[in-house]
Amino acid sequence: HAFVAGVQKLLPKVELYSDHRCRLRHGLGCTMEEVWSIRYAKKIGRVPDLVMYPKSHNEVEIIVKEAVEHDAVIIPYGGGTTVSGALQCPTNEVRCIVSLDMSRMCRIKWVDRENMTACIEAGTIGTEIERKLGNVGFIMGHEPDSYEHSTMGGWIATNASGMKKNVFGNIEDI
């Protein structure tokens, strides 16, 4: 409660959800075990206690500072396509777990033609990156299998590899 109060004091309009459906959606990825659990298990393991949607880098900083101050755990959430188990909450974790959904941070802030670089926010989905870069005459070239649903932040967090890696390299090369 103190964590939520601290965040809401500094960010009164922050999107925050605690309903079961939203928490479940943010607590499971696409591993075989997680898909099986969704379909057949009588009980699902630990899921986040809260889901927050920051809209800017500044909001992320504020949420992280409050989490540190109030000993809350943050699990970043992109497209939810993970097959690495990155969204799984430790069953023995007693602290508040917050899923920080980056989907509201989906802008390409700038493109530098001379240096062939761009500043792309973490919640931007692959197809949107290609569409937006295409509008200014560029491509990124990174196409993992989850391209339509996965995000820039998720690619970086998992060292994602794409179908065109032999041409453009993996995400860390790009």
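Q: How far apart are the mean positions of the positive and negative charges of the protein?
A: This is a predicted model, where local features need pLDDT of at least 70, side-chain atom pairs count only at pLDDT 80 or more, and totals for chains, interfaces and linings use all residues. Residues are numbered from 1 along each chain as its sequence is written, and side-chain values use heavy atoms, leaving out hydrogens and water. Lys and Arg count as positive, Asp and Glu as negative, while His and the chain ends are not counted; each charge is placed at NZ of Lys, CZ of Arg, CG of Asp or CD of Glu. For the 20 positive and 22 negative charges, the mean positions are apart by 6 Å.

Q: Is Arg23 buried or exposed?
A: Buried means under 20% relative accessible area, exposed over 50%, and partly exposed in between (1.4 Å probe, protein chains only). Arg23 has a relative accessible area of 16%, so Arg23 is buried.

Q: Which residues is Arg23 in contact with, leaving aside its neighbours within four places in sequence?
A: Contact means heavy atoms within 4.5 Å. With those neighbours set aside, Arg23 touches Ser18, Val47, Pro48, Asp49 and Val51.

Q: Which backbone oxygen does the side chain of Arg23 reach?
A: The distance is 2.6 Å. The oxygen belongs to Pro48.

Q: How far apart in space are Arg23 and Asp71?
A: In sequence, they are 48 residues apart. C-alpha to C-alpha, the distance in space is 19 Å.

Q: What share of the 174 residues in the protein is buried?
A: Arg23 is buried. Across the protein, buried residues make up 40%.

Technical notes
A polar contact is a pair of N or O atoms within 3.5 Å; within protein, one must be able to donate a hydrogen and the other to accept it, and residues adjacent in sequence count only if both atoms are side-chain atoms.
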